[in-house]
Amino acid sequence: MLVIDSSEGYTCWQKKTIDWVREHYGDKVKIGAGNVVDKDGFRFLAEAGADFVKVGIGGGSICITRETKGIGRGQATALIEVAAARDQYFRETGIYVPICSDGGIVHDYHMTLALAMGADFLMLGRYFARFDESPTNKVMINGAYMKEYWGEGSNRARNWQRYDLGGSARLSFEEGVDSYVTYAGPLHDNVEASLYKVKSTMCNVGVTNIPDLQRDAKLTLVSSVSIVEGGAHDVTLRSNSSVK
């Protein structure tokens, strides 16, 4: 499998790359392309021959593409539109091109929301960066264990060929940050808990599989006040630990 990963996937360069891979390897290599945030971008990559399409620009926790370049879109809006475009493309052609929701996953319930909005699968950078198995250092910061986490567009990665427009190297700029995430322990225990929450939410919705979740889940826009109301509030907690 080959994933063509770019902060903007709706370009002739991605089509040329897909064409080259198909010419040399045929259908032996599955190709993921992206990222895109609207129906036109999805359609372009689907017609170019992508086997799946990644959705999201600037929504990742370490990505600053939106504030640096002014491109991108809210992840929920992008995902809902691209999912509709995927379904329309399937009705027209009989070809189902799965979509991956990339960015914006902070809490476990965001996984369920992304699936309900139409994602076939998810990309989880920050989520996995917190575990023992991630290949970064565990460090002590202000009395708490953290794991290092940085973006491919950061100075630390120095992966400037991803953004090369020619000219002087001094013109390079960052599209990602160098950061830390709270250490969370072993992968197995955390993934098991996260999946249990997803399954429990699906049970609340009354479904046992993802297609039914996408069909039956009722999505509604909520206010910031509603989000506060949904957590612990107007009480004094007996523990000094933070509420997540």
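## Basis

The model is predicted, so local features need pLDDT of at least 70 and side-chain atom pairs count only at pLDDT 80 or more, while totals for chains, interfaces and linings use all residues. Residues are numbered from 1 along each chain as its sequence is written, and side-chain values use heavy atoms, with hydrogens and water left out.

Helices (H or I, at least four residues) and strands (E, at least two) are DSSP runs, numbered from the N terminus.

## Helix 2 and helix 4

Two packed helices are described by the angle between their axes and the distance between the axes. Helix 2 (residues 39–48) and helix 4 (residues 75–93) cross at roughly 40°, and their axes come within 8 Å. Helix 2 is therefore oblique to helix 4. Axes are lines fitted to C-alpha atoms, for helices over the stretch in contact, with angles from 0 to 180 degrees between N-to-C directions; under 35 degrees counts as roughly parallel, over 145 as roughly antiparallel, 65 to 115 as roughly perpendicular and the rest as oblique.

The crossing of helix 2 and helix 4 is right-handed (the near helix is turned clockwise from the far one by less than a right angle). Contact means heavy atoms within 4.5 Å. On helix 2, the contact residues are Lys39, Phe42, Arg43, Ala46 and Glu47; on helix 4, they are Glu81, Val82, Ala85, Arg86, Tyr89 and Glu92. The residues of this contact divide into five nonpolar, no polar and six charged (Ala, Val, Leu, Ile, Met, Phe, Trp, Tyr, Cys and Pro count as nonpolar, Asp, Glu, Lys and Arg as charged, and the others, Gly among them, as polar).

## Helix 5 and helix 7

The axes of helix 5 (residues 108–116) and helix 7 (residues 187–205) are 9 Å apart, at an angle of about 50°. This makes helix 5 oblique to helix 7. Their crossing is right-handed.

Asp108, Met111, Thr112 and Leu115 of helix 5 meet Ser194, Lys197, Val198 and Thr201 of helix 7. Three of the residues in this contact are nonpolar, three polar and two charged.

## Aromatic pairs

The structure holds nine aromatic pairs (ring centres of Phe, Tyr and Trp, the last by its six-membered ring, within 6.5 Å; planes under 30 degrees apart are stacked, over 60 edge-to-face and the rest tilted). One of them, Phe52 with Phe121, is edge-to-face, at 5.3 Å centre to centre and 75° between the planes. Phe52 lies in strand 3 (residues 52–55) and Phe121 in strand 5 (residues 121–123), so the pair ties together parts 69 residues apart in sequence. Phe52 is buried at 8% relative accessibility, and Phe121 is partly exposed at 33% (buried is under 20% relative accessible area, exposed over 50%, partly exposed in between, with a 1.4 Å probe and protein chains only).

Tyr127, Phe128 and Phe131 form one aromatic cluster.
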